[in-house]
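My entries follow in the order in which I made them.

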Amino acid sequence: MHASLPEFDMPTEEQVHLAAESFRLLADPTRIKVLWALLQGESSVACLAELAGAAPTAVSQHLAKLRLAGLVKGRREGTFVYYSAADNHVRGLLAQALHHADHVDRGITSGAHAHHPRAE
């Protein structure tokens, strides 16, 4: 049925698996806080830990996983590593997720459009 639609297109298996892995890694409140903070600019583990309300060791472990998934990148300066979001795709993913969560929380239907400053 769907295959007969002229514009129908399915993602490849590799795309599906990589997207699922990204969503799996984003399914953690601390990681969402860390990524959102990194979208505001480069930061150190200590600063991110304070912002996320988590221990620096836990944030460091989260960052390692996010870096392996290509969601964050690190820049070494002496003995310090400063992290940043990998690219604007990360902003889009997080903004859409937070926007959707806000709509669910407020009971806004998909047809209604509300201004949401975090999603811009």
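Entry 1, helices H2 and H3. I noted that H2 and H3 are oblique to each other, where angles under 35 degrees count as roughly parallel, over 145 as roughly antiparallel, 65 to 115 as roughly perpendicular and the rest as oblique. H2 covers residues 29-40 and H3 residues 45-52, and they pack at an angle of about 120 degrees with their axes 9 Å apart. Axes here are lines fitted to C-alpha atoms, for helices over the stretch in contact, and angles run from 0 to 180 degrees between N-to-C directions. Helices (H or I, at least four residues) and strands (E, at least two) are DSSP runs, numbered from the N terminus.

I then checked the hand: H2 and H3 make a right-handed crossing. A crossing is left-handed if the near helix is turned anticlockwise from the far one by less than a right angle, and right-handed if clockwise. On the H2 side I listed Thr30, Lys33, Val34, Ala37 and Leu38, and on the H3 side Leu48, Leu51 and Ala52; contact means heavy atoms within 4.5 Å. The residues of this contact of H2 with H3 are six nonpolar, one polar and one charged. Ala, Val, Leu, Ile, Met, Phe, Trp, Tyr, Cys and Pro count as nonpolar, Asp, Glu, Lys and Arg as charged, and the others, Gly among them, as polar.

Note on the source. This is a predicted model, in which local features need pLDDT of at least 70 and side-chain atom pairs count only at pLDDT 80 or more, while totals for chains, interfaces and linings use all residues. Residues are numbered from 1 along each chain as its sequence is written, and side-chain values use heavy atoms, with hydrogens and water left out.

I found H3 and H4 (residues 56-68) packed at an angle of about 105 degrees, their axes 9 Å apart. H3 and H4 are therefore roughly perpendicular to each other. Val45, Leu48 and Ala49 of H3 make the contact with Pro56, Val59, Ser60 and Leu63 of H4. I sorted the residues of the contact of H3 with H4 into six nonpolar, one polar and no charged.

The axes of H2 and H5 (residues 88-106) come within 10 Å and cross at roughly 125 degrees, so H2 and H5 are oblique to each other. The crossing of H2 past H5 is left-handed. Ile32, Leu35, Trp36 and Leu39 in H2 meet Val90, Arg91, Leu94, Ala95 and Leu98 in H5. I sorted the residues of the contact of H2 with H5 into eight nonpolar, no polar and one charged.

Leaving aside neighbours within four places in sequence, I found Ile32 in contact with Leu26, Leu94 and Leu98.

I placed Ser84 in strand S2 (residues 80-85). Ser84 is buried, at a relative accessible area of 16%. Not counting residues up to four places away in sequence, Ser84 touches Leu38, Glu42, Val72 and Lys73.

I located Gly70 in the loop between H4 and strand S1 (72-77). Gly70 counts as partly exposed at 41% relative accessibility.

How values were computed: Buried < 20%, exposed > 50% of the residue type's maximum accessible area, 1.4 Å probe, protein only.
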